[in-house]
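Dear colleague,

Please find the structure below, handed over for your records. My notes on what was found in it follow directly after.

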Amino acid sequence: MEEQDYLQFEAYLTGDLSQDDLLVFNERLQSDSQFKKAFEVYKDMSAHLEHEIMNEQEISDFKANLDVISNKHFNTTENSDNTIETSQKSSFYKYAMAASVVILLGFFIFNQFGKPKYEDYNTFDPISLTVRSSENANFSTAEQSFNAQNYEDAIKAFNTILENDFSNLEIQLYKSMALVETDQFQEADMLLNKLTNGNTAYRNKAKWILALSYLKQDKTAASIKVLQTIPEDAEDYTSAQDLLDKLD
């Protein structure tokens, strides 16, 4: 792909193409399979960046730089009567644009795709509470809300359950998972640390969730420390080792 193709991709995604350019762009998508494939990759990457980059200023700076590059390109017209000096300048801008695009994309790919993220590992299995507590509506609400990823509602239901049975360690674990999902780290880590220090069936799962909580908070050293304590017979040992390898 030429550098102007990537500039067109960005212009298309931001709605900056003129009607004529949009028509040409869509026609090329239909007729040029390589162009279409490159566009799909660029679009997916752009969407991922929008979702993953939490710093809005970084997003703004990234788009601003692309806008500058794009404007330089689309505001430049070719004239057959240009002098040799003008042609040389055009060539310079052509390579400058290409270099800028590569540098910008490379920087964000390295920073956003080069390290593990919480979202790579928070594939929680559905929970099942109603089988053991079919007569309690709060258990049903908690189960349905958690499995539907409505974590705020799940937390409310977990709190109601714990008001009557605070010693329910299973509910404490699930609540802590929902708290991590909603970035309520202080309470989540408090519950998880208590569970990891106990000698119960939920100890190793709590360690795994605590490590993920630290990962989500960018506390890499703390995450590594917890991961190193997960034993080989733990359910999440393989995932823990995979994350540990990527963090070391």
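**Aromatic pairs**

The count of aromatic pairs comes to 11, where rings of Phe, Tyr and Trp (its six-membered ring) pair if their centres lie within 6.5 Å, and planes under 30 degrees apart count as stacked, over 60 as edge-to-face and the rest as tilted. The rings of Phe9 and Phe25 have centres 6.2 Å apart and planes at 85 degrees, so this pair is edge-to-face. It connects distant parts of the chain, with Phe9 in helix 1 (residues 3-13) and Phe25 in helix 2 (residues 19-31), 16 residues apart. Helices here are DSSP runs (H or I, at least four residues), as strands are (E, at least two), numbered from the N terminus. Phe9 and Phe25 are both buried, a term that stands for under 20% relative accessible area, with exposed for over 50% and partly exposed in between (1.4 Å probe, protein chains only).

Phe146 and Tyr151 also form an edge-to-face pair, at 5.4 Å centre to centre and 80 degrees between the planes. Phe146 counts as buried because its relative accessibility is 3%, and Tyr151 counts as buried because its value is 11%. Ring pairs also join Phe9, Tyr12, Phe25, Phe35 and Phe39 into a cluster.

**Basis of the model**

The model is predicted: local features need pLDDT of at least 70 and side-chain atom pairs count only at pLDDT 80 or more, while totals for chains, interfaces and linings use all residues. Residues are numbered from 1 along each chain as its sequence is written, and side-chain values use heavy atoms, with hydrogens and water left out.

**Overall composition**

The protein chain has 12 helices and 0 strands. Of its 248 residues, 37% count as buried. Among contacts (heavy atoms within 4.5 Å) with a separation of 6 or more, residues 24 or more positions apart account for 55%.

**Nonpolar cores**

A nonpolar core is a set of buried Ala, Val, Leu, Ile, Met, Phe, Trp, Tyr and Cys residues joined through side-chain atoms within 4.5 Å. The largest one has 44 residues, of which Phe158, Trp208 and Leu227 touch the most other members. At least two residues of this core come from each of helix 6 (137-147), helix 7 (151-164), helix 8 (169-181), helix 9 (185-196), helix 10 (203-216), helix 11 (220-227) and helix 12 (237-247). Helix 10 contributes the most to this core, with 8 residues. Not counting residues up to four places away in sequence, Trp208 touches Tyr121, Leu227, Ile230, Asp236, Ser239, Ala240 and Leu243. Ala11, Phe25, Phe35 and Tyr42 are among the members of a second, separate core of 10 residues.

In helix 11 the buried residues are Ser223, Ile224, Val226 and Leu227. Viewed down the axis of helix 11, these residues fall within an arc of 165 degrees, so they line one face of the helix; the arc is that of the directions from the helix axis to the C-beta atoms. Ala221 and Lys225, on the other side of helix 11, are exposed. The cover over the buried residues of helix 11 includes helix 10 and helix 12.

Asn168 lies in the loop between helix 7 and helix 8. Because its relative accessibility is 15%, Asn168 counts as buried. Apart from neighbours within four places in sequence, Asn168 is in contact with Phe139 and Leu162.

With kind regards
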